[in-house]
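Today I went looking for pockets, and I kept notes as I went along. Have the structure open beside you and follow with me.

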Amino acid sequence: MTEVLRSAITGVGAYLPPDVVTNEALSKIVDTTDEWITERTGIRRRHRAADDQAVSDLAVEAARKALEAAGKTPADVDLIVVATTTADLTFPATAAIVQRKLGCPVGIAFDVQAVCSGFVYALTVADGFVARGNSQCCLVIGAETMTRLMDWTDRGTCVLFGDGAGAVVLEPVAGQGANTDKGLISFALRCDGTKQDLLYVDGGPSTTGTVGKLRMAGNQVFKHAVINISESIEAALEKAGLTIADVDWFIPHQANQRILHGVANRLGLDENKVIQTVADHANTSAASIPLAFSAAVDDGRIKPGDLLLMEAMGGGLTWGACLVRL
Ligand code: UT7
């Protein structure tokens, strides 16, 4: 059989800013209660970046931990892909700022903007370099300061989001092209631009000239989520010649506990296989999957050889799923 290169995840790391905001604290700012937030979303608390912390600072902390876990140094990195919707600046890309702050050599660095689906999108984009032998050591980082996009008078959104960053190191590994090989095995990505109005930020450099605030028709996004995420998961499994029973760990985007359970039930996935961090992190957009991934590697649940199913959905609307053998 011919040798096939795969993008293997060789290290994972995460960073959460120290400031924790409880539901109780938010109930003093908007008309909400801990009971409503917990029942409708599963969220109990979220982290918030300090005023002097840029999203690149969060990304750098997560990247350092991922590099250490992979036994690599910044000098080894030749590609940085940052998934973020809350960039430090309109340009340069946050990835370029991360490259400078980490002290990586001149290489490739750019951002991917797919909002909450950003990490899954970024992983597949990076795979295009790594699995073709064009990167030997790649950082894929999901980093967000979503609290900066909140309208703090809108209780329907401001209670849902948090800040944080997670990162993985990708390295090319030779395999047989089988679904038992290490690395990214398959993916299915989607975007339906006609659903823009359901979830967006009402500002930008070429329209209002402002940053804007997040707007969401929450219950319509919710309805879209369970059905479409399930379809993309089934497509990724089919491409890989695998079934849901083969999945060791489900690492979903952490937007709402009811969505996680809805998708797991629809697919017939054992709930004990679902990694859940939404209670402590809230929705950290592109950072949520690597944050959850890192938590489950650190506590020993996820082990080398496990088959991981990742999925997300966000503004665009974008959504998608991927399968990775660790
Ligand atoms: O990561 C990107 C993808 N985003 C998502 O996946 C989010 C998807 N959506 C959701 O998670 C849920 O739709 C929400 C958590 C946003 C909302 O839950 P819901 O069960 O769909 O509630 P709803 O929007 O239908 O609102 C129900 C009621 C409304 O009051 P009335 O009109 O029935 O009197 C809202 O005004 O709940 C009210 N409400 C709140 N009440 C207390 C909305 N937000 C709050 C709040 N506290 N924070």
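From which domains does the lining of the second largest pocket draw at least three residues each? I found that domain 1 (4–175) and domain 2 (183–325) each give at least three residues to this lining; the domain bounds come from an automatic or database domain assignment.

I noted that this is a predicted model, where local features need pLDDT of at least 70, side-chain atom pairs count only at pLDDT 80 or more, and totals for chains, interfaces and linings use all residues. Residues are numbered from 1 along each chain as its sequence is written, and side-chain values use heavy atoms, with hydrogens and water left out.

**Second largest pocket**

I looked up its volume, about 570 Å³. (On a 1 Å grid over the protein atoms alone, a pocket is an open set of points where a 1.4 Å probe fits, with protein on both sides within 12 Å along at least five of seven lines; lining residues have an atom within 4 Å of a point.) Of its 27 lining residues, L160, M216, G218, F222 and N256 are the closest to the centre. Helix α7 gives the largest share of this lining, 6 residues (helices are DSSP runs of H or I, at least four residues, and strands are runs of E, at least two).

**Largest pocket**

Here I found about 890 Å³ of space. T85, T86, A87, Q113 and V211 are the closest to the centre among 31 lining residues. Strand β9 (199–201) gives the most to this lining, with 3 residues.

Methods. Points joined across faces, edges and corners; volume = space filled by probe spheres on them.
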